[in-house]
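Please read the following with the sequence and the model side by side.

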Amino acid sequence: MSFFKKLKQKFSGTEVEQEETKKYEKGMEKTRKSFTGRLNDLVARYRKVDEDFFEELEEILISADVGVSTVMDLIDELKMEVKRRNIKDSTEIKDVISEKLVDIYSGGEEQFSSLNIQQSGLSIILFVGVNGVGKTTTIGKLAHQLKQEGKKVMLAAGDTFRAGAIEQLEVWGERVGVDVIKQAAGSDPAAVMYDAVQSARSRGADVLLCDTAGRLQNKVNLMNELEKVKRVISREVPDAPHEVLLVLDATTGQNAMSQAKTFSAATDVSGIVLTKLDGTAKGGIVLAIRNELSIPVKFVGLGEKVEDLQEFDPEKYVYGLFAGLMEEEDEE
């Protein structure tokens, strides 16, 4: 049975599984149209797999923002696999590509994209990232999800640099029905975090989601500020923050990669939230981040609705990327 068919079979189980798979299929539409359209064209033009075929495939992958070094690794692995399986016909390579994309993401290991939520006591999740990437919206959506799971959630308005950020977080707090701890715009973010941790403890909260400033104009100040915020949190709750999630906008492609490098150098980023994946044809950035930075993508944004923030699943991602090809295979 082909890898495509195995995936399709795997995700045809429960209603929830089918629903999530549909979200990936819909959310990956722009990348899929661009990527699989060009891949189909390539396979139609080259009946056999040779050096010219691989050169063009390389270009297709790079244009999907998979990242140059990741593409080189993938092409090398594909060449070895083609030789090992004695593949001559180019139509057979689609299956191998999809398999290798899952391998590249998981590195042959089981990936755990679940959040590090403590069994007892307060779990603290710190959100970092530049302005405009959808950080506050992500916090609101995650607060909604955790509340649906029966957790008592609170939010900390640590982006005191912009009054608009505090107001936006308050709007989300009202929308999903959770308390927001804030101070006036211009307050010391570390003081806000101290207050938020104390309040969350005294009110018996399970999870505290913390917003932070995202201005990169003065990188040194921002990184020092983040370091101070982390210190205050760790002093109050020794194992915290339990997650540092870097929020990146998928539509910015390689620019998201450079942001990831900057933030992961300054703070211990434990996971990535990739927003607006549904709005880009360059969804390959997921693989580049994982392969080049070794940071797991924990969530992806696949739409505007509150339930469109999905835990990242590499197999569902590849399924969404190749859904059109799977339908063609069924018709054959």
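Helix 7 covers residues 135-148, and its 14 residues should span 20 Å at 1.5 Å a residue, which agrees with the 20 Å between its end C-alpha atoms; the expected span is taken as 1.5 Å times one less than the number of residues. Helices (H or I, at least four residues) and strands (E, at least two) are DSSP runs numbered from the N terminus. This is a predicted model, in which local features need pLDDT of at least 70 and side-chain atom pairs count only at pLDDT 80 or more, while totals for chains, interfaces and linings use all residues. Residues are numbered from 1 along each chain as its sequence is written, and side-chain values use heavy atoms, with hydrogens and water left out.

Ten of the 14 residues of helix 7 are buried, where buried means under 20% relative accessible area, exposed over 50% and partly exposed in between, with a 1.4 Å probe and protein chains only. Among the buried residues are Lys-135, Thr-136, Lys-141 and Gln-145, along with Ile-139, Leu-142 and Leu-146. Just after this helix, Gly-150 takes a positive phi of about 90 degrees.

Strand 4 (residues 207-212) is largely enclosed by the rest of the structure, because six of its six residues are buried. In a regular strand the side chains alternate between the two faces of the sheet. Here both faces are covered, with Val-207, Leu-209 and Asp-211 buried on one side and Leu-208, Cys-210 and Thr-212 buried on the other. Strand 4 pairs in the parallel sense with strand 1 (residues 123-128) over four bridges, and two strands count as paired if DSSP finds at least two bridges between them. Strand 2 (residues 153-158) also runs parallel to strand 4 and is joined to it by six bridges. Cys-210 stands opposite Leu-126 and is also the bridge partner of Ala-156.

Helix 12 (residues 285-293) is mostly covered, with seven of its nine residues buried, including Leu-287. Ser-294, which follows this helix, has a positive phi near 55 degrees.
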